[in-house]
Amino acid sequence: MKTKGFAKHYYMMMAPGLLWLVLFSIVPMFGIVIAFQDFNPGKGILGSEFIGLETFKYMFTLSDTLNVFYNTIIIAIMKIIGNLIVPLVFALMLNEIRYIGLKRSIQTIVYLPHFLSWVILGGVLLDIFAYQGPINQLLGIFGVEPILFFAQADLFPFLVVGSDVWKEFGFNTIIYLAALTGINPALYEAAGIDGASRFRMLWHVTLPGIRTTAVLLAVLSLGNVLNAGFDQIFNLYNPLVYSTGDIIDTWVYRAGLLNLQYELATAVGLLKSVAGFILISLSYFLAYKFTNYRIF
Amino acid sequence: MLRSKSLSSKMTDAILIAILVIVAITCILPLWYTLSLSLSSKTAAAAGAVALWPVDFNFDSYKQLLQDSQFFKSFWISVQRVVLGAGLNFIIVPLMAYPLSKTVKDFRGRNVLMWTVIFTMLFNGGLIPLYITIQEYNLMNSIWALVLVGGAQTIVFNIILTINFFRNLPKSLEEAALVDGAGPWYILFKLFIPLSIPVLATVSLFSIVYHWNEFLYGLIFMTREEFYPLQTYIQQLVVSVDPSTMTEDQYKRMSELSNRTLDAAKIFIAMIPVLVVYPFLQRYFIHGITLGSVKE
Amino acid sequence: MRRKFLGVFIIFLSLFLVACTGDSKESSSEEGSGEQPGTTGDMDPFGKYEEPITIAIGQEVDPTDTSLQDGDTPLDNQYTRHVKEHLNIDVEHAFTASPANYDQKVSLAIASNDLPDAMVVGPVELRQMVEADQIADLTKVYENYASPAIKEIIDSSEGVALENATFDGKIMAIPNSQAGADGVHNLWIRKDWLDKLGLEPPKTVEDLKAVAKAFVEQDPDGNGSDDTIGLAGPDTSNKLYANFLESTNNLYGFDGIFSALHAYPGYWIEGDDGQPVYGSILPETKEALAVLRDMYSEGLIDPEMGVREDSGESIISGNTGMFFGPFWMPYGPLTDAITNNPDANWQSYALPLDANGEYTPHLSTTTTQYVVVRKGYEHPEAAMKILNNLLAHESEFDPSIGGPGYYPLRLVYAPADEMEVTTIALREVLAGTKEPEDYYNMPAYKLLKSDVDQIHEVKLEPYDNTDIQYWDPDANLGYWTRAYSALVGTAPLVDTEIKGVKSLIYSQTKTMEDRWVNLKKLEEETFMKIIIGTEPLDAFDQFVENWKSQGGEQITDEVAEIAQ
C-alpha cells in the first residue's frame, strides 16, 4: 500500500482549519500575560510593567476566589451526576413503553428544551418561579407559603442543576436509548423463558448491557468539572445568590468587564484553564485505561 | 420482546406512561407559558395574573412586534450567522478530522496537532485580548467576528466527534481504496464523507444551535444595536436597566414602555426556527451522536 | 431699615446677574450661529466651526425607547442636526449600548485603548483613565470654553463638582451638576390607607413599624386577601442604601431608617475622634440592621426584597403601602399606580425623624457623571461646546419626537436647588401671590416657565391640599408627573429643616480601584443576609474585621489624606 507522501496532503487538508484556530484562538492568548502585569491600558500589553506573581498572591487572599472555585465544582459535579443518572432512568422507562408512536412523541418532546438558549429559558424560568408565578400559585393550592426561589442562596445551586438537567436530559437520553437497542433481544427471550420478572430483567440484562456506555460518559464528563455553565448562570443569578451561585466564568466576566480588574480576571481565568487542561488529560487517560477507548 | 400480560405489568405500564407523559409536559410548559404571556394584556402580565391561559386575550404584542424593524434585522443577522457558521463548520470539520483520525504511524505530526487543537479549546486569554485581536483584524461589527470566534471555540468538539466516527468506519474500505491507488483527497471526499452524513448532520446541528443561541459575542464585538444577532438583541431587552444611574426622563420612558408581553412575543418568535428545524434533523443526529461518541 | 435695604439690594443684584447671564447667552449663541471665520481660535463657547469637524462618541441608547419619529435614528435626529447646524460638528458613534451594557462597552474601550473621541463615564472609569493617561487635560478648555451658564451651575455646587474632576490640579473631565433633591430619599405613603385605618404618618422608626404592621395585617386595600406589603425593599438593581459612589436615586432602599437611627452606611463620615471613618462599620449601623432584621422577620418588609426585578411593579399593582425614594417617584411607578387606581393617594414625607425629632438624611454629591475627551483628539473644546449648546437650547427640543437621551454627550445640568425653587414658585402662583410672568426670566431653571404656565391644568382646588382627589392627572398626564413631583415629592424638602449628612468624599481612592468592588460586595451580601435572617446579627462583627483586613484600613488612611 502506498501511503507514503500522504502526510503532505494531510497537512494541506488541515491548513485552513489550523489557520482559523491560530488566528482566533491562539493569537488572542497573548492576553494571558496581563495576569503577570500591572496592566495599564494606556501603555497596552507591550508597555505595561511586569509584576510577577503579585496578582496571584492577591487572588489567594480573596475569599471570593476560593468561593467561586468551590461553587463551580459543586454545581458542575451535581450537573454531571444528574445528567448521567436522570437520562439513564428516563431511557430505561421509555424503553419499557411498547407503543411506538407514544414513545417517539415523548422522545421528540423531551429534547426540545435542549435547543433553546439560556437567554430565552432564563427569562422564562425567572417568570415561572417568580413570587406570583405559576409554581408559587400551584404551591399555594397546597397551602405552601410563596417561596422566592431564585433569591435563596441555599436553593440556587439546586435550581441551576435542576433546570440544567431538565434542559438536557432528553438529549442525553438518546445515547442510552441507542445503547439499549444494541442489546441482543435473545437475552430477554432467554430471561423470559426462565420466568424472570421485569425488574429482574432490568437488573440482569439491561443494566449490564449499557454499563460500558455509562462508565464512558462518566469519564468523559470529567473535563467539565470546571464548566458550570456561564450562559445559564449569567441569565439566572442576582447578587443575593453570589455566595453559592457565582462561578468562575461569571466572576471573571464581572471582574474584567464591569469592575475594570483586568489583571485579576485574567489570573483567575488562567488558573481555570490550567486546571481544565489537567482534568481533560486525566479523563483521556482514564477512558483509555478503563474502557480502552481513546477520546481523541 | 417479551409480552407479559399480567395485571401488575399493565399497572406498571400505566404508571410508567403517566410519569413519562408528565415529564414530557413539563418540557413544553415553558413554551406554552410564554405564548400565553404574549397573548395577554400588559396589565395582567405586570400583575402576574397569567398562569396557564392568556388573560384578556389579544394580539397587540404581535402587532407591535411587526413594527419593530430591529427585531427583523437581528433575526436576519442570526440567520446569516447560522448559515455561514454551520457551512464553514461542515467544510472544515471533515478536513481536520480525517488526518487526525489516522494513527501516529500513518501521520507523524498527528499527536502534536491533536494536542494543539485540544489546547485551543481549553486555554483562552479572556475577553479583552480577544476584543483587541478582533479590532486588529478589523472585524468589529462584522458578522465574521461572530462566525469565526464562536466557531473556533466549538469546532474542536465537533472535530473530536467526527474523528471517532471516522475511526469506526470499516478499515477494509480504506484499504481496498488504497490498493486501487486512491489518494487521500479521494478517500475523504468519495468514501468517508458520503458514509459520514449522520455525524456531519449532527455536528451541523450543534453548530446551528450554537450560532443561533449564542449572545455574548454579539454584545462584545458589535458596537451598535443594528449589528446585533437576535439573542443579543433579546438579552439586552430582557436584562433590567440600572435605575440608580438613570435620568428621570429615561426612567419615565422605561416605566411607560417596559412590556413583558412584547418581550414574551419576541422570545416566542425567536424559538420558532429551532422548533421548526430540529424534528427534521432528528433522525440524523440520533445516529450521529451514538455512532460518533460511543461505540463498544 | 438698613437690613431691609440690604435685602432688597441683594435681590436686585441677583436679578441683575441672572439677567446678564441670560443676555450674554442669548446674544452669544446668536452671534455664534452667524459668525464668520476664525472662530476656532477665539474661544467662543458657542462658536461655529468654519470647516465641519467630526466627533466620534460612545452613546447610551435605550433599546426600549421608541420615541424617535419619521425615520430619525440615534445618529440623525433633532439633537444631532441641531449640533451640526449650530456648531458645524458631525457626530458619529464609536459605539452605542443599552443602559445595562454601556459600562461594559466603556470598559472594553478603556482596556483596548481604543477610545471614542469623547464619552460619558462614571467616577471609577474616570480615575482608571487618568491613571492610564488616556484622556486630555481639559483645564484650558473648561476655563476658556465653558459657557457662563454652565460655570454658574457648576459653581453652585460650592466647588465639589470641579474638585471631583480635578487630578493633580488639572481638570481632566467635564463634570455634571444636578439638583440635590434626588439625593434625599423621602418616605412615600399610601395616605388613603393611613386614613382608612385611622393612622398618622409615622414620626419615628417605632411608629413606622406600627404603620407597616397595620398595613400588612389590617387589609388596607379591603380586598379580603392577605396580599399587602408594609414597606417595599430594594429590587435587583437597587441597593439597601445609597453610598458615597452612587449617592442619588436609590429606589426602595432603607435610607430613611438608617439615617433616622444616625447610621450612615456607605458614607465616609467624621468619627468621634475627628478622623474619617466608614459608616458601614460603626455600631449605629449594626443597630439599624437589627431593627430591619426584626421588621423583616415580622413580615413588615417585602419578603421578596432583593430578588424582584422591579419593586415598582407591586407599587403599580397596589400592594405596597410605603417605600423610600427620591422626589421624582411620579416619574417612576406612581404614574402607572394612579392610572391603575385613581384613589391611590401617594404622599411624601420627610420622615421618620431621629431621637431628637430632627430629619437627618444623608446628602448626595451633585456630580455623578463626566465627559472625558480622548488624549490626542484635535478638538477637545468641541465636547465643551456641545454641552454649552445643550444647556442653552434644551427647552427648545420636543421630547416626544426623540427623548433627551439622544443628545450627544448629554450631561444633566441643573442648579442644585432647582426642584425646591420650582415647588415654591408653583405654590406662589397657585396661591395668587405671584403671577406666572414673575418667573419667566430665570433661564438656569429650564422648565420653570412651562411649569408655572401649566399648573392650573392639572391642579384642582383647594390648591393647598395635595391629596390625589384634588388633581386632574388625565388633563395632562405628562405634566401631572412633573407637578406632582414638585408639589408632593419636593414639598418635604422645602418644608422641613434638613440636618443632612454629607460624605467626606464622593469618589474613589487609589486602593479602592483594586479592592473596593470586593469590599462592597462583602458588605452588601452580609447586610442583606443579616436582614433576611440567613446570618446572625453578630455576623456584623466578623464583617467589620474582614473589611478592615481586606484593605479597608488602608483605604481609610487614604480617605483621611484626601479629606484633610
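Author: Start with one term: two residues are in contact when heavy atoms lie within 4.5 Å of each other. This is a predicted model, where local features need pLDDT of at least 70, side-chain atom pairs count only at pLDDT 80 or more, and totals for chains, interfaces and linings use all residues. Residues are numbered from 1 along each chain as its sequence is written, chains are lettered from A and ligands numbered from 1 in the order in which they are written, and side-chain values use heavy atoms, with hydrogens and water left out.

Now take C:Glu418. Its place is in helix α15 of chain C, which covers residues 418-431. Helices here are DSSP runs of H or I with at least four residues, strands are runs of E with at least two, and both are numbered from the N terminus. Set aside the neighbours of C:Glu418 within four places in sequence. Then C:Glu418 touches C:Ala179, C:Tyr445 and C:Lys446.

Is C:Glu418 buried or exposed? C:Glu418 is buried. That word means under 20% relative accessible area; exposed means over 50%, and partly exposed lies in between (1.4 Å probe, protein chains only). Charge comes next. Lys and Arg count as positive, Asp and Glu as negative, while His and the chain ends are not counted. A salt bridge needs a side-chain nitrogen of Lys or Arg within 4 Å of a carboxyl oxygen of Asp or Glu. C:Glu418 has no salt bridge. The nearest side chain of opposite charge is C:Arg482, 4.8 Å away.

Other residues do pair up. Over all chains, the whole structure holds 28 salt bridges. In chain C, C:Asp76 pairs with C:Arg81, and their closest N and O atoms are 3.1 Å apart. C:Asp76 is partly exposed, at 38% relative accessible area. C:Arg81 is also partly exposed, at 36%.

A further pair in chain C is C:Lys286 with C:Asp541, at 3.2 Å between the closest N and O atoms. This pair links distant parts of the chain, 255 residues apart. C:Lys286 sits in helix α11 (residues 283-297), and C:Asp541 sits in helix α20 (residues 539-563). C:Asp541 counts as partly exposed, with 36% relative accessibility. Salt bridges can also join into networks. One network links C:Lys239, C:Glu246, C:Lys520 and C:Glu524.

Move to chain A. There, A:Asp249 and A:Lys272 meet in a salt bridge, 3.0 Å from N to O. The pair is 23 residues apart and links distant parts of the chain: A:Asp249 in helix α13 (residues 248-258), A:Lys272 in helix α14 (residues 262-291). Is A:Lys272 buried or exposed? A:Lys272 is buried, with a relative accessible area of 15%.

UniProt, in an unreviewed entry, places "transmembrane region" at residues 68-94, 115-133, 169-188, 209-230 and 264-287 of chain A. UniProt positions follow the numbering used here, feature names are shortened, and annotations may be inferred rather than shown by experiment. Residues 264-287 of chain A are 100% helix and 0% strand, with end C-alpha atoms 35 Å apart. Residues 209-230 of chain A also have end C-alpha atoms 35 Å apart, but that span is 59% helix and 0% strand.

Chain A also touches chain B. A:Ile26 lies in helix α1 (residues 6-26) of chain A. Apart from neighbours within four places in sequence, A:Ile26 is in contact with A:Leu21, B:Thr116 and B:Thr120. A:Ile26 is partly exposed, at 30% relative accessible area.

Chain B has 14 helices and 0 strands. Of its 296 residues, 57% are buried. Among contacts with a separation of 6 or more in chain B, 72% join residues 24 or more positions apart. UniProt's unreviewed entry lists "transmembrane region" spans in chain B, including residues 12-33 and 112-132. Residues 12-33 of chain B are 100% helix and 0% strand, and their end C-alpha atoms lie 31 Å apart. For residues 112-132 of chain B, the figures are 81% helix, 0% strand and 28 Å between the end C-alpha atoms.
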